[in-house]
Amino acid sequence: MSAEITHHPAPLGPDSVAWQVFGDMTFPLGAGHRLLIDVMHPIVAAGVRQYSVFESDPYGRAQRTLELIMGVVYGGEQALATAARLRELHRGFTGREADGTRWSALQPEAFHWVHASIVHGVWVQQRLLGRGWRPGEIEQFYREMCQVGSLYGVRDKDMPADWAAFVDWFDAMIEQRAERNDITDRVLALIAAPTPPPIPVLSTAPVWNRTGRPLIGKVNALVTAGLLDPKIRGMLGIEWTPARQRAFDRLAALSRAVLPRLPRRARMVPPAYTAIRRARG
């Protein structure tokens, strides 16, 4: 009797495009944009509505999400174990819609959509806020992210064959499946009026409301809306004026000028920097 052999894709390494661009500081800058795209899918919105703590514990949720996805991209030998943990975490997210229809976070289209929002989001944020894409990089990056998707269980048949096909599929999903809903509105509200961070001097509401919240909320809302495709902004009811476009253009130009020139320690989120440093000895 022969045992079934399961083949897993190899984890990414330091020679990959993803290792160079995925974990830089454009990733946290694009967090609101990616989350909005996520929850435009009705099944993802249902999961967030029932299970997510993005309003009650936004910083904890962001940290846990960052550690998981960076652990899959930069985890090396541990990437498969982290990917399995990520998939298992989603297994328990199930429920029923108001009409009785069952949903699951592992429903193939919805599960792929969460992965796709990361892929598309990194492309957008790197193009507008980062060092940009060099010739041939985006195609290689897409192939690498298909490897990442396979690690945590996105089916090969659900992922388009190449970057051009992916963009066509993504645009069709926005047209046919994505929607404005109560969760997109709540995400936008939180982006514009963030809760106090877990920093002692800022953690009380009166101090936060008079200091960081107005400025950070305004910048967050501007960056998030600026990264969105104009059609998606329209779907979500986001007002976008020529003045806001000019403000975003100035902020994006500053980001493109500064971020790529920072030392790697300051340019990369900690898990990515640690992985690159370890790989290079």
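## Terms and basis of the model

Buried means under 20% relative accessible area and exposed means over 50%, with partly exposed in between, as calculated with a 1.4 Å probe on protein chains only. On this scale Glu109 is partly exposed, because its relative accessible area is 27%.

The model is predicted, and local features need pLDDT of at least 70, side-chain atom pairs count only at pLDDT 80 or more, while totals for chains, interfaces and linings use all residues. Residues are numbered from 1 along each chain as its sequence is written, and side-chain values use heavy atoms, with hydrogens and water left out. Helices (H or I, at least four residues) and strands (E, at least two) are DSSP runs, numbered from the N terminus.

## Salt bridges

The structure holds 10 salt bridges, a salt bridge being a side-chain nitrogen of Lys or Arg within 4 Å of a carboxyl oxygen of Asp or Glu. One of them joins Arg177 to Glu109, with the closest N and O atoms 2.8 Å apart. This pair links distant parts of the chain, since Arg177 lies in the loop between helix H9 (163-176) and helix H10 (182-192), whereas Glu109 belongs to helix H7 (residues 108-129), 68 residues apart. Arg177 has a relative accessible area of 32% and is therefore partly exposed.

Arg131 and Glu137 form another salt bridge, in which the closest N and O atoms are 3.1 Å apart. Here Arg131 counts as partly exposed at 29% relative accessibility, whereas Glu137, at 12%, counts as buried.

An α-helix has 3.6 residues a turn, so residues three or four places apart point the same way. Arg186 is partly exposed at 29% relative accessibility, and Asp182 is partly exposed at 35%. Through salt bridges that share partners, Arg49, Glu55, Asp182 and Arg186 are joined into one network.

Helix H3 (residues 31-39) is largely enclosed by the rest of the structure, because 8 of its 9 residues are buried. The buried residues are Gly32, His33, Arg34, Leu35, Leu36, Ile37, Asp38 and Val39.

Two packed helices are described by the angle between their axes and the distance between the axes. The axes are lines fitted to C-alpha atoms, for helices over the stretch in contact, and angles run from 0 to 180 degrees between N-to-C directions. H3 and H7 pack at an angle of about 145 degrees, with their axes 9 Å apart. Contact means heavy atoms within 4.5 Å, and on the H3 side His33, Arg34, Ile37 and Asp38 meet Trp113, Val114, Ser117, Ile118, Gly121, Val124 and Gln125 of H7. By class, this contact of H3 with H7 has 5 nonpolar, 4 polar and 2 charged residues, where Ala, Val, Leu, Ile, Met, Phe, Trp, Tyr, Cys and Pro count as nonpolar, Asp, Glu, Lys and Arg as charged, and the others, Gly among them, as polar.

Thr224 is buried, with a relative accessible area of 5%. Not counting residues up to four places away in sequence, Thr224 touches Gly32, His33, Leu36 and Ile191.

## Two further helix pairs

The axes of helix H5 (residues 58-74) and helix H6 (residues 79-91) come within 7 Å and cross at roughly 140 degrees. That makes H5 oblique to H6, given that angles under 35 degrees count as roughly parallel, over 145 as roughly antiparallel, 65 to 115 as roughly perpendicular and the rest as oblique. From H5, Leu68, Gly71 and Val72 meet Ala79, Thr82, Ala83, Arg85, Leu86 and Leu89 in H6. The contact of H5 with H6 comprises 6 nonpolar, 2 polar and 1 charged residues.

H12 and helix H14 (residues 242-258) have axes that come within 10 Å and cross at roughly 95 degrees, which makes H12 roughly perpendicular to H14. The contact is made by Val219, Ala221, Leu222, Val223, Ala225, Gly226 and Leu227 of H12 together with Arg244, Ala247, Phe248 and Leu251 of H14. By class, the contact of H12 with H14 has 9 nonpolar, 1 polar and 1 charged residues.

Asp15 lies in the segment before helix H1 (17-21) and counts as exposed at 70% relative accessibility. Asp15 and Val223 are 208 residues apart in sequence and 30 Å apart in space, C-alpha to C-alpha.
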